[in-house]
Amino acid sequence: MMLSRDELAEPLEILPPVEFAFSYGSGVFPQPADRAMQEKPMIDYILGVSSPADWHTKNIDKNPHHYSSWLAKFGGNWVSGVAEKVGVGVHFNPFVPWKDKKIKYGVIGMDNLKSDITTWKTLYISGRLQKPISVLVDKHDVEVLNVNNLKAALYAALLLAPPEFTEEELYMNICSLSYLGDIRMFFAEDKQKVQKIVRGSTERFRGLYRASVLDAEKAGLLSTPPSFGVDPQAKLYQNVSMSEVATLVGGLPKAVLARLAAQTGVSAEGQRSDISMAVAQSKVGHQQLVRRAIGRIVRRSSIRQSVSGFFAAGGFNAVHYVIQKSSKAWRSWMR
């Protein structure tokens, strides 16, 4: 049964105040039943704070059991430093008991959070915000800032799509962006999982992307049938001419454009139009270039965050995390 917004917000009451918070994942939005998966999923949170070091210092005083024992001894500055220098700026406290459930919350500075939304520097938080979430606190109008992130996600998904595709395939492309090149793909982050996410939240994906899709249609970038928004198998068509491809590439965030510039031999300091046209004209093909550019961002972030997470969790939690991921992989292979 899906938890209400008030129920999802309850764990925040035992934590220091935050500037922004959202919950996400299968613990919030149940996916189609999987007979092989009997355990209750953790409820995942991302918390945006003004100063991670200060926030962790206060939280260690209030909830020292949320941290690995050795990490808590070093204090908030150390916790924040590990997240910043080893990971991608997010420190996670997993397996925190809450009533009859377990929660996992990640803490990130608001400056880093906003930067990732606008640039896709790590595609770590921005990737999560491209999927259905439940916003619990928003003191910085992050939802407004996220509108361009959603538009960029649509453009990237279109660049990875063929000329003809279904509504469901479009959302799967969007959902897959933050998995491209992710080392966790080894642990069952596969097409079936992405499909389950989309099928369990089709209406929510429609709510997120309907405006951007209709705007793209008005701009002549794609066409939708009357059944769009009703039938997940409705066929959409896009114009893949050089001009349209260049327009889509030009709408991608700064970090992706920089990697595309490196691949095509164009100066990263040049005009967006120069990079866009170089990609559109490339003999390699825009799909491969875009997939590679996003994949490298995700792979780097995934490796850094995995090392940071293992390092921060320590002891039992680290072993528990590996066992849990390995178990998911085994179930995926046995299907």
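A cavity is a set of points, on a 1 Å grid over the protein atoms alone, where a 1.4 Å probe fits but cannot get out; lining residues have an atom within 4 Å of a point. Grid points are joined across faces, edges and corners, and a volume is the space filled by probe spheres set on the points. The structure holds two cavities of 30 Å³ or more. This is a predicted model: local features need pLDDT of at least 70, side-chain atom pairs count only at pLDDT 80 or more, and totals for chains, interfaces and linings use all residues. Residues are numbered from 1 along each chain as its sequence is written, and side-chain values use heavy atoms, with hydrogens and water left out.

**Confidence and overall build**

- The protein chain has a mean pLDDT of 89, where pLDDT is the predictor's confidence in each residue, from 0 to 100.
- A pLDDT of 70 or more is reached by 88% of the residues.
- The protein chain has 15 helices and eight strands. Helices (H or I, at least four residues) and strands (E, at least two) are DSSP runs, numbered from the N terminus.
- Of the 335 residues, 50% count as buried. Buried means under 20% relative accessible area, exposed over 50%, and partly exposed in between (1.4 Å probe, protein chains only).
- Among contacts with a separation of 6 or more, 70% come from residues 24 or more positions apart.

**The second largest cavity**

- Its volume is about 30 Å³.
- The lining is made of Val90, His91, Phe92, Gln305, Ser308, Gly309 and Ala312.
- Strand E3 (91-98) and helix H14 (286-313) are the elements that give two or more residues to this lining.
- H14 supplies the largest share, four residues.
- By class, the lining has three nonpolar, four polar and no charged residues. Ala, Val, Leu, Ile, Met, Phe, Trp, Tyr, Cys and Pro count as nonpolar, Asp, Glu, Lys and Arg as charged, and the others, Gly among them, as polar.

**Salt bridges**

- The count comes to seven salt bridges. The rule asks for a side-chain nitrogen of Lys or Arg within 4 Å of a carboxyl oxygen of Asp or Glu.
- Asp44 pairs with Lys104, with the closest N and O atoms 3.7 Å apart. Asp44 lies in strand E2 (residues 43-49) and Lys104 in strand E4 (residues 101-109), so this pair ties together parts that are 60 residues apart in sequence. Both Asp44 and Lys104 are buried.
- Glu164 and Lys235 form a salt bridge at 3.5 Å, N to O. Glu164 sits in strand E6 (residues 164-166) and Lys235 in strand E8 (residues 235-238), so the pair ties together parts that are 71 residues apart in sequence.
- Glu164 is partly exposed at 39% relative accessibility. Lys235 is partly exposed as well, with a relative accessible area of 37%.
- Asp100 and Lys101 meet in a salt bridge at 2.9 Å, N to O. Lys101 counts as partly exposed, at 27% relative accessibility.
- Glu167, Glu203 and Arg206 are linked in a network of salt bridges.

- Helix H8 (residues 167-176) is mostly covered, with seven of its ten residues buried.
- Those buried residues are Glu167, Glu168, Leu170, Tyr171, Met172, Ile174 and Cys175.
- They pack against helix H7 (142-159), E6, H9, H10 and E8.
- Ser201 lies in the loop between helix H9 (191-200) and helix H10 (202-218). Ser201 is buried, with a relative accessible area of 5%.
- Not counting residues up to four places away in sequence, Ser201 touches Phe29 and Pro132.

- Most residues other than glycine have a negative phi.
- Phe95 is not a glycine, yet has a positive phi of about 60°. Phe95 is placed in strand E3 and is buried, with a relative accessible area of 8%.
- Trp120 also has a positive phi of about 60° without being a glycine. The loop between helix H5 (110-119) and helix H6 (125-128) holds Trp120. Trp120 is buried, at a relative accessible area of 0%.

Definitions and conventions:
1 Å grid on protein atoms, 1.4 Å probe; cavity = no way out; pocket = protein on both sides within 12 Å on 5 of 7 lines; lining within 4 Å. Contact = heavy atoms within 4.5 Å.
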